[in-house]
Amino acid sequence: MKVLFVASECAPFIKTGGLADVIGAVPKALAAQGVAARVLMPLYPALQKTAKTGEVVWRSKQLHGGAARVIAVTSAGIDLLLLDAPHLFDRSGGIYIDEAGKDWEDNALRFAALSQVGAEIAQGGIKAWVPDVVHAHDWQAGLVPAYLRQSGKAAPPCVLTIHNIAFQGNFAPELMKTLGLKPSLYTQDGVEFWGQLGFLKAAIAYSDKVTTVSPTYAREIMEPEFGMGFEGLLTARAADVSGILNGIDLEVWNPETDTDLKAPYSSRKLKPKEKNRAALLKRFGLTTPVDAPLFCVVTRLTTQKGVDLLLEALPTLVGRGARLALLGSGDRALEAAYIAAAERYKGQVGVIIGYDEPLSHLMQGGSDAILIPSRFEPCGLTQLYGLRYGTIPVVARTGGLADTVIDANEAAVVAGCSTGVQFAPVTAPALSHAINRTCDLFTDRKLWGGMVRRAMRHPVGWETSAQAYHDIYVALGKV
Ligand code: ADP
């Protein structure tokens, strides 16, 4: 079976968040299920070198303002189809935002182009490789099923995965014509979303199946609190909506072989983790805590991630003699607040503003616990890395965090099955309470060690979920 993935980012080539990790990992996991997946994505400058050895498999003289082609190349074990459209993707700055931090003005055009090429390939644009199913990811690929629908020609079934419903791709309806969308699609059952042209809306309306990245988030987005305007439509389509938990790439995230660590370790040989801890304390300018954990945070700094609540809980954390190492970037006010906190709590709170993949590995390898106080979290990956690295996740009870971490309540401790700490509601006092609970658990070395080893053995790979995607593709093929 052949499946065309359409997505805007893919690790290890280009990444702004969890979407990239997932796109980089699922095709490899699907291969074990007999699925040949190819990833159609833009050829950003970061991919120029990768594209060099590829083969041109599709061309267009005119794709929204310039010539374009698709280059097929296999790299890092992933079969890529790179959309080479320099007028849309060959520019410095971020992949969604310019150097000043503002959305690119032509984002609608850029990702409509990606979607349009996805639709063309789905309908035989590359003769030697015609997919059986198209799998669109997030709003950037949202117009794929819309273009397929309006073509009126035979098309393979389409699956949409929503990685974060907060990112919707809503644009002025006047763009319909520019993007080559027929006016008849602009209806409540089609691409119209609260008076705008909605890319994610189009995908939810026209895909045969909609998945999201955890069972709890699949339920949550049918409620007004989390649905962000889509709760009605998703509820109406509930029979076609499911939650498939994300996994992680067990080769990339492996404490036994991770070259970004100072010392490799395993659940049987935990001692070397201390070397990573010492390195991390040094890197963040922290003094060694006595009988208290080193917490870490690796995240985009946005209100979604609840990092403002953690600022309020810092007095509790340092009051317990614990330490915090934070790596993140994003909202300028939050960045400034964390830099100020590092000044105020010198030696106890260390902050590095930026994006640093190798350091994120060392943080998982060297910390005792990872804090994830998200207000909503479709799945979350850093708690899964935490489990794999024996870095106890302390998480808000929402979305995928609720589905992947077993809270160390009394019953779970007695049963010997806890792998972390959960808290609710998502408030600063509840977070402070969770930090206190974690510090208490940490002082019981035997209990903590048991929890660490259990966390490391908790299954976090892709096997089960790849099977679930495979089953969806097969079921669609039979319709
Ligand atoms: P989201 O996709 O909402 O940002 P996830 O938890 O699903 O959240 O995925 C975030 C991914 O990005 C993880 O792989 C995490 O390690 C990584 N990440 C986030 N911020 C940073 C950073 N500042 N430096 C390095 N990696 C980061």
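Q: In what order do the six strands of the open sheet stand?
A: In this predicted model, the order is E15-E14-E13-E16-E17-E18 and the pairing is parallel, where strands are DSSP runs of E with at least two residues, numbered from the N terminus, and two strands pair if DSSP finds at least two bridges between them.

Q: Which strands stand at the edges?
A: Strand E15 (349-353) and strand E18 (421-423) do, and each has a single partner strand, so one side of each is left without a neighbour in the sheet.

Q: And which helix packs on the sheet?
A: Helix H13 (residues 332-344) does, touching strand E13 (294-301), E14 and E15, with contact meaning heavy atoms within 4.5 Å.

Q: Over how many bridges do E14 and E15 pair?
A: Strand E14 (residues 323-330) and E15 pair over five bridges in the parallel sense, and Gly-328 stands opposite Ile-353 in E15.

Q: Switching to helix H1, how many of its residues are buried?
A: Of the 14 residues of H1, 11 are buried, so the helix is largely enclosed by the rest of the structure; buried means under 20% relative accessible area (1.4 Å probe, protein chains only). Among them are Leu-19, Val-22 and Pro-27.

Q: What covers them?
A: The cover includes strand E1 (2-6), strand E2 (36-42), helix H15 (382-388) and helix H20 (463-478).

Q: Anything on numbering and cut-offs?
A: Residues are numbered from 1 along each chain as its sequence is written. Local features need pLDDT of at least 70, side-chain atom pairs count only at pLDDT 80 or more, totals for chains, interfaces and linings use all residues, and side-chain values use heavy atoms, leaving out hydrogens and water.

Definitions and conventions. Helices (H or I, at least four residues) and strands (E, at least two) are DSSP runs, numbered from the N terminus. Axes are lines fitted to C-alpha atoms, for helices over the stretch in contact, and angles run from 0 to 180 degrees between N-to-C directions. Buried means under 20% relative accessible area, exposed over 50%, partly exposed in between (1.4 Å probe, protein chains only).
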